[in-house]
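Subject: Predicted model for your review

Dear colleague,

I am passing on the structure below, together with notes on what was found in it. Please read the notes alongside the coordinates.

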Amino acid sequence: MEDLLENRRFTNIGNSFGFVCRIIEKQCGIQQLGSLEKYEFAELLKILNGTEKFLASKFFCQLPANVGSYRVLRQLQELRILTATEYIFSKEHSDQLQVDLIIFLESEFELLANVFLSAAYDVDSAMKLTLILTTALGNLYSGLVGNPKICSLEYVEFLRKTMPDEALNVCVNMHLGTLLDLHRSENVGEAFASFSAWINEGVDELTFVKHLCDKLFVGHHEAALQYLFKQSNTDNFNQWKFYLILVQSIASAANPETTTYIKKYLKNRLLQTASMASMQSLLHLLLTARAASASTMNVQMNLDNYAKWYKQNIGEMTYILGPEKFQTVLRLLEESLPFEKELQYLEIHVSIAISPGGRLVQAYKTKCRAHAAQLKSAAKRKASAD
């Protein structure tokens, strides 16, 4: 019975099918076609019946990649014979897979968009496609870390303009997750010690992050921040470098609504820190506030922004916290001093009064000054050694 059905299926194959397959293979060896040749090739493909289209797609997937393969795949996708997603799945266990995706990212934006759309809407394949795409993005961005000029990232604007918001949110999250994975810190202490160096690197060298914020994440900044804040609040979070660079980049491009959202988040984070009595939460708060404050190209202005935030949230925290929680935050601030490695931020903590003052505040200030003196002394010793 099965043989009968198989024979019946292949009786739908016309005598010209072999010729069409030879034309497909020939087309894959031609890099560019004129409009007439493209039209004639499309018309030839349109004569295929359902069975022939299925077999033609299988035939194409078995061909080695050639100079015209992606142009042919675009035409097959336009005619709904074979999508980029189906093609990618056919290469799932092949070394060619990541090569294809890098080419999609560099020049084949329509094919790339199809894969991202499938990752957003195809429930059965979403996890597999997400892994495939984030691996490709990781390969691309790892290369950009070493040489930010190897790719213009033109694809991001195409995706933003052509994909619906729901799918674009999925796409944005994939990019954010990939960027976070580019660097892992030994501990949160590294983030405090390297904060300014990382921010400067993000502004001066890792310019692709700003490009993504301006061209892909635009209109989705709050959703991007929600993702970043959620990920960074997980246990043993160690992706501090690109978390801080991303928060800084988004804050730099933020509209008034997003700026208000950041301020509200930081205030709620302070309340949460006081309630949880969590050192990790306080360290996260201080680092996030510094990254969000570094929103201009002027270093002193950024420090002034942080000083303003510190005054309004820490200096005046007695107005939103009860006595017990006020003391909890003071204790956490005191315990956080060993993490402070950058004198310019510590001096802000020294100079800004914490209302209403008192013995506990003075004790904290004294320890701040002592730690600042240690940092100055260490800087002098290092300068002398150099």
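One aromatic cluster is formed by Phe195, Tyr306, Trp309, Tyr310 and Tyr345. This is a predicted model, in which local features need pLDDT of at least 70 and side-chain atom pairs count only at pLDDT 80 or more, while totals for chains, interfaces and linings use all residues. Residues are numbered from 1 along each chain as its sequence is written, and side-chain values use heavy atoms, with hydrogens and water left out.

A search of the whole structure finds 14 aromatic pairs, where rings of Phe, Tyr and Trp (its six-membered ring) pair if their centres lie within 6.5 Å, and planes under 30 degrees apart count as stacked, over 60 as edge-to-face and the rest as tilted. Among them, Tyr70 and Phe104 have ring centres 6.0 Å apart and planes at 85°, so the pair is edge-to-face. Because Tyr70 lies in helix α5 (residues 69–78) and Phe104 in helix α7 (residues 96–106), the pair ties together parts that are 34 residues apart in sequence; helices here are DSSP runs (H or I, at least four residues), strands are runs of E (at least two), and both are numbered from the N terminus. Both Tyr70 and Phe104 are buried, where buried means under 20% relative accessible area, exposed over 50%, and partly exposed in between (1.4 Å probe, protein chains only).

Glu334 is partly exposed at 26% relative accessibility, and Lys367 is partly exposed at 42%. Another salt bridge, between Lys376 and Glu347, has an N to O distance of 3.7 Å, and it ties together parts that are 29 residues apart in sequence, because Lys376 lies in helix α21 and Glu347 in helix α20.

Helix α15 (residues 240–253) has 14 residues and reaches 20 Å from its first C-alpha to its last, close to the 20 Å expected at 1.5 Å a residue, the expected span being 1.5 Å times one less than the number of residues. Of the 14 residues in α15, 12 are buried, including Trp240, Lys241 and Phe242.

Finally, the UniProt annotation "domain: Fanconi anaemia group A protein N-terminal", from an unreviewed entry, covers residues 20–376; UniProt positions are given in the numbering used here, feature names are shortened, and annotations may be inferred rather than shown by experiment. The end C-alpha atoms of that span lie 77 Å apart, and residues 20–376 are 74% helix and 0% strand.

With best regards

Terms used:
Salt bridge = Lys/Arg side-chain N within 4 Å of Asp/Glu carboxyl O.
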